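Please read the following note alongside the sequence and the structure. The points are numbered so that each may be checked in turn.

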Amino acid sequence: MTTTKLDLTGLKCPLPALMTRKALKALKPGDRLEVHCTDPLSVIDIPNLIREVGDTVEITERVEQRIVFLIEKADSWSSAAAASAMPDPDR
């Protein structure tokens, strides 16, 4: 298990969520991604992204102006199961 740090301080919505999604794709199941943001909307966007892809937010904390997320990459079976449990917006 490895932890990758992603510094997204200074970036505004939607870049923190988009770059977090891209970084998660490169990780293996069990790996962690530590994301540092300053955009206040990231406290909404990143947890929503994580629920959507089926990974887990281990820790969310605020340190002064910085918001830190520790995300654990789920195995592909859990991600697929979470995706299939999502309601179909076309129905």
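1. The model under review is predicted. In it, Leu33 is in contact with Thr4, Leu6, Thr20, Ala23, Leu24, Leu27, Phe69, Leu70 and Ile71, when neighbours within four places in sequence are left aside.

2. Leu33 also belongs to the largest nonpolar core, a set of 14 residues. Together with Val35, Ile46, Phe69 and Ile71, Leu33 is among those with the most contacts inside this core. At least two core residues come from each of these elements: strand E1 (3-8), helix H1 (15-25), strand E2 (32-37), helix H2 (42-53) and strand E4 (66-72).

3. Helix H1 deserves a separate comment. Its buried residues are Pro16, Ala17, Thr20, Ala23 and Leu24. They lie on the same side of H1, because they cover an arc of only 130° around the axis. As a general point, an α-helix has 3.6 residues a turn, so residues three or four places apart point the same way.

4. What covers the buried residues of H1? The cover includes E1, E2, H2 and E4. On the other side of the helix, Lys22 and Lys25 are exposed.

Definitions and conventions: Residues numbered from 1 in each chain as written. Predicted model: local features only at pLDDT ≥ 70, side-chain atom pairs only at ≥ 80, totals over all residues. Heavy atoms only, no water. Core = buried A, V, L, I, M, F, W, Y, C linked by side-chain atoms within 4.5 Å. Buried < 20%, exposed > 50% of the residue type's maximum accessible area, 1.4 Å probe, protein only. Helix = DSSP H or I, 4+ residues; strand = E, 2+ residues; numbered from the N terminus. Contact = heavy atoms within 4.5 Å. Arc of directions from axis to C-beta.
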